[in-house]
Amino acid sequence: MDRGSSPLWVWWDARRVHRQGAEALRARQRERLAALVALARTSSPYYRRLYQGLPERVEDVTALPVTDKRALMAAFDEVVTDPAVTRAAVEEFVADPARIGERFAGKYLVATTAGTTGTRGLFVLDDHYWAVTQGMMARLSADWLPAREILRLIGRGGRFAGVVATGGHFLSVAASTREQREKPRRHRRLRILSVHRPLPELVAELNAFRPLLLGAYASVLRLLGSEQEAGRLRVAPVLVLSTAEGLPPEERHRLERAFGAPVREVYGCTESGYAASSCAEGWLHLVEDWVILEPVDAAHRPVPPGTVSDTVLMTNLANRVQPIIRYDVGDRVLVRPDPCPCGNPAPALRVEGRASDVLSFPDDDGRGRIAVPPLALGTVVDRTPGVELFQIVQTDPTALTVRLLPAAGTDPERVRAAVRQGITGLLAGLGLAHVAVDLAAEPPQQGPGGKVRTVVPLPAG
């Protein structure tokens, strides 16, 4: 392992460069970009063609063409820099749930995601990517917590519970499973709970485990916060971490009161790693050490601070096996035009359009309501083979409509049946067997901005 593949080195290097100031950080970023572009040109046929005619050394990311998930998935075998990694082999790998967290080709972590557009993505992550992720999380934790809380965390075993999507090769569960397999002594301090489980079961297990670190999707944290307020959930975490969905300021304050702990957010995706993390003021500050983020308009031109972008382009400077360079994520962001009151000099932003409302259904006797996080439904479809695009729409208090675009070369009826079975099975397990699931004839519908919203709750009446 080279020193750059050590989380400790990543943490130490980040501390050293940040102490040297903004210009040192920009210089390090330019060096890493030039090295990544050179590697991509040398080892990836896709990028070699894409970068024809560009200067030999590229330090300005805006000089590079834009990519997106559809393009990278279509040219998968030519994008990757290791010939041992092929789309066919990765597809076979992720089709087997027993291999979640196992090293693909003896080297790599594999993660799948539907992303914001519902298009299935396959991502191969090397040890360098994962070392950067761990090292940067250690640095962020030091920013979030005072020294006494970090000592308390270490002294009490650092128990972490994450409520995430399971049953597929999703990044959080794949990475956690690998940690448990390869570092079994950490197993007792790590608990991964499925977002698909009924809320009372999650509450009972969290009460028994008593996590000091609690991480979950924002929509799940809202439900857990209400359980904590009601006294059914009784945990005392040092830190609560919100991921995947936007968390409005008023909800963050409510959760901090409920849990008696700071609530922080991380923004990013499987492709990019951590791109931003929140401060006490509720703004997300860019993690510029290993990620370049560009807010742009619909024509991929930069937008000024204070203007909501049409999308953002992300460049992951850490992953060497599947380069992600100027990648259109699809999120709309607003960069703060003035310094953040927290004192962090890194650009501060808020993400628009990623917040997801929890779906709510009456229970079978009509006296209560059962909440279902949108990612619980979305990940059931995402792990179904043969789905190219999907959209789940709540059309009635007890009805869902599913719009599908099956992938080319698949049996559409078999895919549709598998999706319906997966959703009805999830709902039945939550006590919602009475909710109707209809399959629409039309494909997923784009919204006004051209994006496909994967889970659409019933409009508030």
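Helix H9 (residues 171-182) lies across strand S3 (160-164) and strand S4, running at about 145 degrees to S4, where helices (H or I, at least four residues) and strands (E, at least two) are DSSP runs numbered from the N terminus, and where angles run from 0 to 180 degrees between the N-to-C directions of axes fitted to C-alpha atoms, for helices over the stretch in contact. Helix H10 (residues 199-209) lies across S3, S4 and strand S5 (213-217), and its direction is at about 175 degrees to S4. The model is predicted, so that local features need pLDDT of at least 70 and side-chain atom pairs count only at pLDDT 80 or more, whereas totals for chains, interfaces and linings use all residues. Residues are numbered from 1 along each chain as its sequence is written, and side-chain values use heavy atoms, with hydrogens and water left out.

The strands S3, S4 and S5 belong to an open sheet of nine strands, which has the order S4-S3-S5-S6-S7-S8-S9-S14-S13 and mixed pairing; two strands are taken to pair if DSSP finds at least two bridges between them. At the edges of this sheet are S4 (190-194) and strand S13 (332-335), each of which pairs on one side only. On average, and with direction ignored, neighbouring strands of the sheet are turned by 30 degrees against each other. Within the sheet, S9 pairs with strand S14 (residues 348-352) in the antiparallel sense over two bridges, and histidine 285 has alanine 348 in S14 as its bridge partner.

The loop between strand S9 (284-286) and strand S10 (291-296) holds glutamate 288. This residue is buried, with a relative accessible area of 11%, the term buried meaning under 20% relative accessible area (1.4 Å probe, protein chains only). When neighbours within four places in sequence are left aside, glutamate 288 is in contact (heavy atoms within 4.5 Å) with Leu25, Arg26, Gln29, Ala346 and Pro347.

In helix H12 (residues 249-259), the buried residues are Glu251, Arg252, Arg254, Leu255, Glu256, Ala258 and Phe259. Their cover includes S5, helix H11 (218-230), strand S6 (239-243) and strand S7 (263-269). Just after H12, glycine 260 takes a positive phi of about 65 degrees.

The axes of helix H1 (residues 7-20) and helix H7 (residues 127-144) come within 7 Å and cross at roughly 50 degrees. H1 and H7 are therefore oblique to each other, a term for angles that are not under 35 degrees (roughly parallel), over 145 (roughly antiparallel) or 65 to 115 (roughly perpendicular). On the H1 side of this contact are Pro7, Val10, Trp11, Ala14, Arg15 and His18, which meet Ala131, Val132, Gln134, Gly135, Met136, Ala138 and Arg139 in H7. The residues of the contact divide into eight nonpolar, three polar and two charged.

Strand S17 (residues 387-396) has seven of its 10 residues buried, so it is largely enclosed by the rest of the structure. With strand S18 (residues 399-406), S17 pairs in the antiparallel sense over eight bridges, and a hairpin joins S17 to S18 through two residues. In this pairing, leucine 389 has leucine 405 in S18 as its bridge partner. S17 is also joined by two bridges to strand S20 (residues 455-456), the two running parallel, and the bridge partner of isoleucine 392 in S20 is valine 455.

Terms used: Nonpolar A, V, L, I, M, F, W, Y, C, P; charged D, E, K, R; others polar. Buried < 20%, exposed > 50% of the residue type's maximum accessible area, 1.4 Å probe, protein only.
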